[in-house]
Amino acid sequence: MAKLQFDHVYKRYPDGTEAVKDLSLDIEDGEFVILVGPSGCGKSTALRMVAGLEEISDGKMIIGDQVVNNMTPKERDIAMVFQSYALYPHMSVADNMGFALKLAKVPKDEIAKRVKEAADILGLTEYLERKPKALSGGQRQRVAMGRAIVREPKAFLMDEPLSNLDAKLRVQMRSEIAELQNRMGVTTMYVTHDQVEAMTMGDRVAVLKRGELMQVDTPQNLYDNPDNLFVAGFIGSPAMNLAEGTLEDDNGRLMLRMGTQVHLAVPDAAIDRYPKVRDYAGKTVAVGMRPEHFFRPDGSTPKEMQLPGRKVTLVEALGSELIVHFGMSAPPIVTEDMREAVDDPDAFAEMERAAKGGGQVFTARMEPGNAPKVGDLVDVAFKADSMHFFDMENGRPLRDVGEGRTTSSGSGVSRSADGGGGGAVRAG
C-alpha cells in the first residue's frame with residue numbers, strides 16, 4: 001500500500017488544452033477517494049496520470065515516497081479496473097485473473113494460491129474454469145477486480161467500473177467494492193460520474209471542474225457545506241434548487257425576498273452557518289434549497305416559512321417518497337459555474353429562458369401519501385434554517401473568510417458514521 005500525491009500537477013495537450021490544472025491532492029495510505037465531476041472535467045485524465053498512461057506536463061506525481069513522473073506503468077505497481085472488463089475471451093476465469101502474474105514469471109503455485117484467495121473473497125470459486133462469455137456482467141466485473149487483487153499492488157485505480165451494469169447490479173456492486181476496499185485497506189482512487197456512487201462509497205470525494213479541484217471533503221460535509229456555487233449545483237440528486245434572492249433588513253430581522261411572491265424570514269440557525277449574510281442586506285445573492293427540506297405545511301407552520309399556491313408541474317411517485325416539481329417565481333442562477341454544474345446544454349438553455357421570464361421549476365422530496373396532481377396549486381413550506389447563501393459574483397459561500405473547506409491533503413482515513421466518512425457506516 002502507498003500514499004498517492006498530486007503535487008501541482010498539470011496536463012497540457014499539444015493544442016494548448018489544459019485537461020488538468022494545478023491539481024494538488026493527497027490520498028492517504030489505505031484511503032478510498034472518489035473523483036467526480038462533469039463530462040470532460042479531467043477526472044479520468046488525472047487517474048491515467050497516476051497509472052502512467054498519460055504523461056505529466058508539469059508538477060510531480062508521487063506514489064509512496066517516489067516521484068514516478070518518468071516511471072513506466074509497470075514500474076509503478078498500480079492495478080487498474082476499467083469501465084470495460086477487458087477480459088481475454090478464450091481464457092478461463094482463473095487464467096484471466098492470473099495472467100499478469102504469469103507474465104511476471106511468478107511461480108505457478110504462487111499464482112494458484114493468489115487466484116484462489118481472490119476468488120474466495122469475490123465469490124468466484126465455482127466459476128474459475130468458466131470462460132467470460134458464460135458469466136453475467138457483475139461476475140465479469142468481479143473477475144476484473146480479481147485480476148487487480150492478485151497483483152497485490154500499492155494502489156487500485158478504478159475508472160467508472162460499474163457504468164456498464166444495470167441499475168440493480170450497480171447497487172450490489174457498489175456495496176461489494178466498498179466492503180472489499182475496507183477489508184483489504186488498499187489505497188483506492190475511483191473515478192465516476194454517478195452521484196450515488198460518489199456519495200456512498202468513498203472516505204472523501206474530490207470534485208473537479210475543467211481540470212481544477214473545486215472541493216475535497218467527506219461526502220456529508222461536501223453535501224452540507226458546499227464551498228462554491230459549482231459544488232452546490234453539482235452535488236446532490238435531485239440537485240439543489242438555486243435561485244436569485246434579495247436580502248432585506250426588516251428592523252433588525254433579516255428577510256429574504258425571492259421573486260414577487262416569496263418573502264421568507266432568515267432564521268438565526270441559517271445566519272450562524274452563513275454569518276456574512278448580514279453584510280449583504282440590500283444585495284442580491286444566490287440562495288440554495290435542498291429538495292428534502294421542503295414539506296407540506298400544517299396549521300402550526302409559521303407563515304414566513306411558507307411558499308403558498310405553488311403550481312405542480314410534475315409528480316414522480318417512487319414508492320418510498322414523492323418528487324414534486326412546482327413553479328417558483330424566483331429566477332434561476334445562470335452563471336458559467338452553473339452551466340458546468342448542470343452538464344446538459346439543453347437543460348441549461350431552458351434555465352436561461354426561464355431566467356428571462358423571472359421564474360423556474362423547483363424540486364421537492366416529500367413523504368408519500370396525499371400526492372398532488374399536475375396542475376394543482378399546493379402550499380409548500382421550507383426548513384429555512386437549512387438555506388445556503390452564495391455571492392452572486394464569485395460563487396463563494398457567505399461564511400467567514402477562511403472557512404472554506406477545499407483542501408488537498410487528507411486528515412487520515414475517516415470510516416465512522418459520526419466522523420462523516422461516507423454515506424454508509426464503514427468499519428475499520
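In which helix do Glu-117 and Lys-113 both lie, and how many residues apart are they? Both residues lie in helix H4 (residues 108-122), four residues apart, which is about one turn of the helix.

## Basis of the model

This is a predicted model, in which local features need pLDDT of at least 70 and side-chain atom pairs count only at pLDDT 80 or more, while totals for chains, interfaces and linings use all residues. Residues are numbered from 1 along each chain as its sequence is written, and side-chain values use heavy atoms, with hydrogens and water left out.

Helices (H or I, at least four residues) and strands (E, at least two) are DSSP runs, numbered from the N terminus. Two strands are taken to pair if DSSP finds at least two bridges between them.

## Salt bridges

A salt bridge is a side-chain nitrogen of Lys or Arg within 4 Å of a carboxyl oxygen of Asp or Glu. By this rule the count comes to 23 salt bridges. One of them joins Glu-31 to Arg-204, with the closest N and O atoms 2.6 Å apart. This pair links distant parts of the chain: Glu-31 belongs to the loop between strand S2 (18-27) and strand S3 (32-36), Arg-204 belongs to strand S9 (residues 204-209), and 173 residues separate them. Both Glu-31 and Arg-204 are buried, where buried means under 20% relative accessible area, exposed over 50%, and partly exposed in between (1.4 Å probe, protein chains only).

Glu-248 is partly exposed at 25% relative accessibility, and Arg-257 is partly exposed at 32%. Elsewhere, salt bridges that share partners join Arg-210, Glu-336, Arg-339, Glu-340 and Glu-352 into one network.

## Packing of helices H5 and H6

The axes of helix H5 (residues 137-149) and helix H6 (residues 167-184) come within 11 Å and cross at roughly 20°. Axes are lines fitted to C-alpha atoms, for helices over the stretch in contact, and angles run from 0 to 180 degrees between N-to-C directions. H5 is therefore roughly parallel to H6, given that angles under 35 degrees count as roughly parallel, over 145 as roughly antiparallel, 65 to 115 as roughly perpendicular and the rest as oblique.

The crossing of H5 and H6 is right-handed; a crossing is left-handed if the near helix is turned anticlockwise from the far one by less than a right angle, and right-handed if clockwise. Contact means heavy atoms within 4.5 Å. On the H5 side, the residues in contact are Gly-137, Gly-138, Gln-141, Arg-142, Met-145 and Ile-149; they meet Leu-169, Gln-172, Met-173, Glu-176, Ile-177, Leu-180 and Met-184 in H6.

## The sheet from S15 to S18

Five strands form an open antiparallel sheet in the order S15-S19-S16-S17-S18. Strand S15 (294-295) and strand S18 (360-366) stand at the edges with a single partner strand each, so one side of each lacks a neighbour in the sheet.

Strand S17 (residues 322-328) runs antiparallel to S18 and is joined to it by seven bridges. Within this pairing, Met-328 stands opposite Gln-360, and the bridge partner of Val-324 is Ala-364.

## The sheet from S13 to S20

A further open sheet has five strands in the order S13-S12-S11-S14-S20, again with antiparallel pairing. Its edges are strand S13 (262-265) and strand S20 (388-391), each with a single partner strand, so one side of each is left without a neighbour in the sheet. Neighbouring strands of this sheet are turned by 40° against each other on average, direction ignored.

Four bridges join strand S12 (residues 253-258) to S13, and the two run antiparallel. Met-258 stands opposite Val-262 in S13.

## Pairings of strand S1

Strand S1 (residues 4-12) is joined by five bridges to strand S4 (residues 58-63), in an antiparallel arrangement. Leu-4 stands opposite Ile-63 in S4. S1 also pairs with S2 in the antiparallel sense, over six bridges, and here Phe-6 stands opposite Leu-25. The hairpin of S1 and S2 has five residues between the strands, and in it Gly-16 takes a positive phi near 95°.
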